[in-house]
Amino acid sequence: MSVVVQALIPVFVLIVLGHLFRRWHFPADGFWIHAERFTYYALFPAMLIYKLGQARLPASAYGEILLLIAAMLVAMTLVLVVIQLIWRWPGPVYSSVFQGGIRFNSYVGLAAAGMLLGDEGLSLVAVAVAVKVPLLNLLCILMFSVTCRQGRLRLAPVLRAIATNPLIIGSVVGVVWSFFRVGFHPILAGILEPLSNLALPLGLMCVGAGLELKALRHASAPFLVSSVAKLVVFPVLTLGLALLLGMDGTMVQAAILLAALPTATSSYILARQLGGDAPLMAAIISGQTLLGMVTLPLLLGFLWQAV
């Protein structure tokens, strides 16, 4: 437990620093919006290509990751459907509960994986991101089409957004680079390595800068249910699935980490565009990020002992 806490403290401190810097208007108003774009479109893809390109994962790992991720998403979707059968929230409210209960913050996940699980864990999480992000987007779009029904939802823009997602592109390029064992010329490595080193700290501070604590005024039963589902139920469910499938080791630890993460900041954009409850979604994002500072070390310290 103490090792997990010590490894995660820098992650949480950087998030808090990002929030404080934005509140203090440092280094300038508008800086953090551009910093987030720079991190998303340049730094994180460079890091994924560099880290994954050096990884030497066995071929069987990719199939196991796909199987475990698919099982996680199916099982958690069923849990969230049962929750809706019990609470019967309006469609827009349930859409925010659903996104809050199943999506994950990839910035925090990649940073925590690198600090807790080393390069092998970071590589596994990066591959899982490449698998999980498109599946989650399609799953959430389907959920919106069933629950909100505000006009016809167009699938083509969603597929285009998935295909051009920088994190997916970086992961795919890195996996191909690793598979063919291309290696990095010293000049290329000299460019990618400092960009890779910059990605995680700046990405975490951008997460903190994006927190909207005023949104917590919208915290209510949907917020609490979604947060418990995501931060507690999902990681416990993931451990059970992994043991049922006969998996162990770093892969299971990486899967539990992904399941225990707070929800994605991009959930707000989807809620606003597709008729969800955007204020509730903002509260869930900010609240889960804060709650995750407590639940993440506790859950990882407890559940990893069973792996």
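**Inside and outside**

Author: This is a predicted model. In helix H3, the buried residues are Ala61, Ile65, Leu68, Ile69, Met72, Leu73, Ala75, Met76, Thr77, Leu80, Ile83 and Gln84.

Reader: Which helices cover the buried residues of H3?

Author: The cover includes helix H4 (91-102) and helix H5 (106-147), together with helix H9 (221-244) and helix H10 (250-260).

Reader: How far apart are the end C-alpha atoms of H3, and what span should its residues give?

Author: Helix H3 runs over residues 59-87, and because its 29 residues at 1.5 Å a residue should span 42 Å, the 43 Å between its end C-alpha atoms agrees with that expectation.

Reader: Changing topic, which residues make the nonpolar surface patch?

Author: Val172, Val176, Phe179, Phe180 and Val182 make that patch, which has an area of about 520 Å².

Reader: Where does Phe180 lie, and is Phe180 buried or exposed?

Author: Phe180 lies in the loop that joins helix H7 (166-179) to helix H8 (186-209). Its relative accessibility is 58%, and because exposed means over 50%, Phe180 counts as exposed.

Reader: What about Leu243, where is its place, and how does Leu243 count at 46% relative accessibility?

Author: Leu243 is in helix H9, and since 46% falls between the 20% and 50% cut-offs, Leu243 counts as partly exposed.

Conventions. Residues are numbered from 1 along each chain as its sequence is written. This is a predicted model: local features need pLDDT of at least 70, side-chain atom pairs count only at pLDDT 80 or more; totals for chains, interfaces and linings use all residues. Side-chain values use heavy atoms; hydrogens and water are left out. Helices (H or I, at least four residues) and strands (E, at least two) are DSSP runs, numbered from the N terminus. The expected span of a helix is 1.5 Å times one less than its number of residues. Buried means under 20% relative accessible area, exposed over 50%, partly exposed in between (1.4 Å probe, protein chains only). Contact means heavy atoms within 4.5 Å. Patches are made of residues with over 30% relative accessible area and no salt bridge: like charges are joined within 9 Å, nonpolar side chains (Val, Leu, Ile, Met, Phe, Trp, Tyr) within 5 Å. Accessible areas come from the Shrake-Rupley method with a 1.4 Å probe; for residues, only the protein chains shown count as cover. A salt bridge is a side-chain nitrogen of Lys or Arg within 4 Å of a carboxyl oxygen of Asp or Glu.
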